[in-house]
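Keep the sequence and the model in view as you go.

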Amino acid sequence: VIHDSVLFKNVENAAVARMVDLYLSLGKQSFIAIDEIKKYGDKAAKLLAKNKVISLSNDKVLYNKDWRK
């Protein structure tokens, strides 16, 4: 499963939190790009933080070149 944050912006926060549980229950890899994990509740935020592989921010960009400049 691969989802981007654009998908989650159109889904209510409680439903996204339930989707996190669902993804973990599948026993398969799920790739999601998601912003503002705290708005999905403490449980979902903890699960996402525990299972994350990479975390990006304004200071930690994915590529050597900062495409915002």
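**Exercise 1.** Which hand does the crossing of H2 and H3 have, left-handed or right-handed?

*Solution.* Start with the ground rules. This is a predicted model: local features need pLDDT of at least 70, side-chain atom pairs count only at pLDDT 80 or more, and totals for chains, interfaces and linings use all residues. Residues are numbered from 1 along each chain as its sequence is written, and side-chain values use heavy atoms, with hydrogens and water left out.

Step 1. Helices (H or I, at least four residues) and strands (E, at least two) are DSSP runs, numbered from the N terminus.

Step 2. A crossing is left-handed if the near helix is turned anticlockwise from the far one by less than a right angle, and right-handed if clockwise.

Step 3. H2 and H3 cross in the left-handed sense.

**Exercise 2.** At what angle do H2 and H3 pack, and which residues meet?

*Solution.* Step 1. The angle is about 40°, and the axes lie 9 Å apart. Axes are lines fitted to C-alpha atoms, for helices over the stretch in contact, and angles run from 0 to 180 degrees between N-to-C directions.

Step 1. The two helices, H2 and H3, are therefore oblique to each other. Angles under 35 degrees count as roughly parallel, over 145 as roughly antiparallel, 65 to 115 as roughly perpendicular and the rest as oblique.

Step 2. From H2 come Ala17, Val20, Asp21 and Leu24; they meet Lys43, Ala44, Leu47, Leu48 and Asn51 of H3. Contact means heavy atoms within 4.5 Å.

**Exercise 3.** Which residues of helix H3 are buried, and which exposed ones does the opposite face carry?

*Solution.* Step 1. Buried means under 20% relative accessible area, exposed over 50%, partly exposed in between (1.4 Å probe, protein chains only).

Step 1. In H3 (residues 42-51), Ala44, Ala45 and Leu48 are buried. Seen down the axis of H3, they fall within an arc of 100°, so they line one face of the helix. The arc is that of the directions from the helix axis to the C-beta atoms.

Step 2. These buried residues of H3 pack against helix H2 (13-25) and strand E2 (31-32).

Step 3. The face turned away from the buried side of H3 carries the exposed residues Asp42, Lys43, Lys46 and Lys50. Lysine 46 has a relative accessible area of 62%.

**Exercise 4.** Where is glutamate 36 placed?

*Solution.* Step 1. Glutamate 36 sits in the loop between E2 and H3.

Step 1. Glutamate 36 is exposed, at 53% relative accessible area.
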